[in-house]
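Try each task before reading its solution.

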Amino acid sequence: MVWGAALVYAGLVTLLFYDGLKHMVKGWGSEDYSYCYLVPLVIAYMIWEKREAWRRFPAEVSVCGFGLLLTGIAFFWMGELGGEYLTLYLGAWLVLLGLVWIHAGGARFRQILFPLLMIPAMFPLPSFLHDRLSLKLKLLSSQLGVEIMQWAGISAYREGNVIDLGFTQLQVVDACSGLRYLFPIVILGLLLAWFFRAPFWKRGLLVLSTLPLIVLTNSARIAATGLLYEPFGSQVAEGFFHDFSGWLIFMVTLAMLLLEMWLLSLPGRRKISPGKEISGLQRGGSLFLKTPPGRQKIALALAALLLLLTWGLSRGIEFREKVPVIKPLAQFPLNLGPWRGEFQVMEQIFVDALDLSDYFIIDYENDKGQKINFYTAYYESQRKGESIHSPASCLTGGGWVFQNVVETELEIDGYGPISVNRVFMVKNGVRQLVYYWFPQRGRNLTNAYQLKIYVFWDSLTKQRTDGALVRLITPLAEFEEADRADFRLRQFMAEALPLLDQFLPGADR
């Protein structure tokens, strides 16, 4: 019965979440998530460690598990219709938790709850979350690294993620953000807490301390690179030394966590003996008691039916229809008032990666030599892996550092108010002002969370998930004030936006 139910559930969960699971494993190929291959083995070992405790409780059918199962199915629909893989991962996890709870009962479920709660550690983050977290870690690590160098007597100045040492400049790139060490260290902290026989608050403190420790050790790594750069040259920032220093901060952090465990165990040292732990478990019920097979079969049939119906609905009903642009974007005018434009062509490899339906990139210039890059991408239907890519991910991936990112409402002459993201970005001394927003079926949205919510809702209520990204970039002259660039973009928008509305479908298409 047990193995038969496991095989049935494995097949149904794989069938329902196949796209999400496939994408998750593909994400493990990234250097930032290569540790994920080990997480299932760690979880399996932790569950195996609990096998005796598990057997000391009766197997009971728990109706509460159906609550988690239904919540997981709801997450499946949010991820499937909203086009977000992380929501699908969470849905698969909640479904798994629900199925275990249904057939094991509350007492058994609690014995392996901690290992099951570690499953999300193998979920790659969406690009917009990954890039935002990486950027924050880069800025924080570089700031602390500069302070350490200044404390050591080195003249260092930071602008964004670029550290100026006078004789050279160091750029703190994504690989140096510490993100690829953050999650493995947090998992390591959870494992140490699992084996640490101490009160809950001490184990919680141990896990929480992993976050400042990884930032501190990574900042020390950046500072060491700056200190050693002058005597040893660029080799300290690349190649073997770079890789070795990454391994070293992991080992140093581990040593600091072990030291912290030792210190926490000194006052009021208290251990839980295996005998006492077992006796507590024995109060839960007799050994190897089981629920009558009939109840388990009924629970199996109901849960399997829910999963099968969900899969059938997801494959049998089309919740999206493709809505083309009103006019091809290639017909957008090149002459806008004082501005004269020239179409640019994106390489096909990038067009394929972005999964867009239509786009234009036009470089405009006025008679004063001022320039504006105007980019619009349109998606007839947004699906998993085929949704709008925010400039917050694409531009930062190209080395640009975002500064002063704010959502603002602009009043455009002859057009009206519009909410946009205003970004001041720099790279190697070049400054640019960026406006971007997302026209979505009659709405102008400004962040990725809004995008996912409305894609989900409109796929249910309107069978539409079409949408666009609009981005404007203007470079700033050497001593030009940002206010002048703002004025330039607003004047351009007054010319361009009324025309753009003739190309993009609105609320009524």
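Helix α13 (residues 239-265) supplies 6 residues to the nonpolar patch, the most of any contributor. The model is predicted: local features need pLDDT of at least 70, side-chain atom pairs count only at pLDDT 80 or more, and totals for chains, interfaces and linings use all residues. Residues are numbered from 1 along each chain as its sequence is written, and side-chain values use heavy atoms, with hydrogens and water left out.

**Exercise 1. Find the residues that form the nonpolar surface patch, then classify W247.**

Step 1. Start with the rule: patches are made of residues with over 30% relative accessible area and no salt bridge, where like charges are joined within 9 Å and nonpolar side chains (Val, Leu, Ile, Met, Phe, Trp, Tyr) within 5 Å.
Step 2. Collect the members: L216, F244, W247, L248, M251, V252 and M256, with about 590 Å² of accessible area together. Areas come from the Shrake-Rupley method with a 1.4 Å probe, and for residues only the protein chains shown count as cover.
Step 3. Locate W247, which lies in helix α13. Helices (H or I, at least four residues) and strands (E, at least two) are DSSP runs, numbered from the N terminus.
Step 4. Apply the exposure classes: buried is under 20% relative accessible area, exposed is over 50%, and partly exposed is in between (1.4 Å probe, protein chains only). At 48%, W247 is partly exposed.

**Exercise 2. Which residues form the negative surface patch, and in which strand does E411 lie?**

Step 1. The patch consists of E407, E409, E411 and D413. For charges, Lys and Arg count as positive and Asp and Glu as negative, while His and the chain ends are not counted; the place of a charge is NZ of Lys, CZ of Arg, CG of Asp or CD of Glu.
Step 2. E411 belongs to strand β8 (residues 401-412).
Step 3. With a relative accessible area of 52%, E411 is exposed.

**Exercise 3. Why is strand β12 described as largely enclosed? Identify its pairing strands too.**

Step 1. In β12 (residues 467-475), 8 of the 9 residues are buried, so the strand is largely enclosed by the rest of the structure.
Step 2. Two strands pair if DSSP finds at least two bridges between them. Strand β7 (residues 371-379) runs antiparallel to β12, joined by 7 bridges, and Y378 stands opposite A468.
Step 3. Strand β10 (residues 430-440) also pairs with β12 in the antiparallel sense, over 6 bridges. There, Y435 has L472 as its bridge partner.

**Exercise 4. How many salt bridges does the structure hold? Examine some of them.**

Step 1. The structure holds 8; a salt bridge is a side-chain nitrogen of Lys or Arg within 4 Å of a carboxyl oxygen of Asp or Glu.
Step 2. Look at D486 and R422, whose closest N and O atoms are 2.8 Å apart. This pair links distant parts of the chain, 64 residues apart: D486 sits in helix α19 (residues 482-500) and R422 in strand β9 (residues 416-427). Both D486 and R422 are buried.
Step 3. Turn to D458 and R441, which meet at 2.5 Å, N to O. D458 lies in helix α18 (residues 448-461) and R441 in the loop between β10 and β11 (443-445), so the pair ties together parts 17 residues apart in sequence. D458 is buried at 0% relative accessibility, and R441 is buried at 2%.
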